[in-house]
Amino acid sequence: QVQLMESGGGSVQAGGSLRLSCVASGYPYRHICMGWFRQAPGKSREGVASTYIGDGTTYYGDSVGGRFTISRDNARNAMYLQMNNLKPEDTAVYYCAANPGNTCRDRYWRRESEYLNWGQGTQVTVSS
């Protein structure tokens, strides 16, 4: 089991930036696929980005490419999501997720079923 704790959410105006953090514990932080998801009110959960901790391979959702950057700090068992040029449609609860013992797979990384462990979520609100 991987325990995950997100932080860094908040309220910003459109065009602003936020950085989300996710700290993992309970599993060797190497052979693990980590992902960021978000869920807006009335919508299904959406894959935002993922990274394989072992080699830093990254994937991004179409709606955030070029604005969001996923990164990792293996020494801190941490993953980050730098969000720039935020838009009102980015408003959602953002979740950190872990798929321990596996790489991230193209075409599959954005599926909720790929991930075993989830954080509690952090709210991001972008006003126009």
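**Disulfides, salt bridges and cores**

Reply: There are two disulfides in the structure, a disulfide being a pair of cysteine sulfur atoms within 2.5 Å. The model is a predicted one, in which local features need pLDDT of at least 70, side-chain atom pairs count only at pLDDT 80 or more, and totals for chains, interfaces and linings use all residues. Residues are numbered from 1 along each chain as its sequence is written, and side-chain values use heavy atoms, with hydrogens and water left out.

Me: Which cysteine is joined to Cys 22?

Reply: Cys 22 forms a disulfide with Cys 96, and their sulfur atoms are 1.9 Å apart. This pair links distant parts of the chain, with Cys 22 in strand β3 (residues 18–25) and Cys 96 in strand β9, 74 residues apart. Strands here are DSSP runs (E, at least two residues), and helices are runs of H or I of at least four residues, numbered from the N terminus.

Me: Are Cys 22 and Cys 96 buried or exposed?

Reply: Both Cys 22 and Cys 96 are buried. Buried means under 20% relative accessible area, exposed means over 50%, and partly exposed lies in between (1.4 Å probe, protein chains only).

Me: And where does the disulfide of Cys 33 lead?

Reply: Cys 33 is joined to Cys 104, S to S 2.0 Å. Cys 33 lies in strand β4 (residues 32–39) and Cys 104 in the loop between β9 and β10 (117–118), so the pair links distant parts of the chain, 71 residues apart. Cys 33 and Cys 104 are each buried.

Me: Which hand does each disulfide have?

Reply: The disulfide of Cys 22 and Cys 96 is left-handed, because the torsion about its S-S bond is about -65°. For Cys 33 and Cys 104 the torsion is about 105°, so that disulfide is right-handed. With the bonded cysteines of the chain numbered in sequence order, the pairing is 1-3, 2-4.

Me: Changing topic: how many salt bridges are there?

Reply: The structure holds six salt bridges, each a side-chain nitrogen of Lys or Arg within 4 Å of a carboxyl oxygen of Asp or Glu. One of them joins Asp 90 to Arg 67, at 2.7 Å from N to O. Asp 90 sits in the loop between β8 (78–83) and β9 (92–100), and Arg 67 in the loop between β6 (58–60) and β7 (68–73), 23 residues apart. Asp 90 is buried at 1% relative accessible area, and Arg 67 is buried at 10%.

Me: Which residues are networked with that pair?

Reply: Arg 38, Glu 46, Arg 67 and Asp 90 are linked in a network of salt bridges. Arg 38 and Glu 46 meet at 2.9 Å, N to O. Arg 38 is buried at 6% relative accessibility, whereas Glu 46 is partly exposed at 31%.

Me: Lastly, which residues touch the most others in the largest nonpolar core?

Reply: Of its 28 residues, Met 34, Trp 36, Leu 81, Met 83 and Tyr 94 touch the most other members. The elements giving two or more residues to this core are β3, β4, β5 (46–52), β7, β8, β9 and β11 (122–127). Another core lies apart from it, with eight residues, among them Tyr 52, Tyr 59, Cys 104 and Tyr 115. A nonpolar core is a set of buried Ala, Val, Leu, Ile, Met, Phe, Trp, Tyr and Cys residues joined through side-chain atoms within 4.5 Å.
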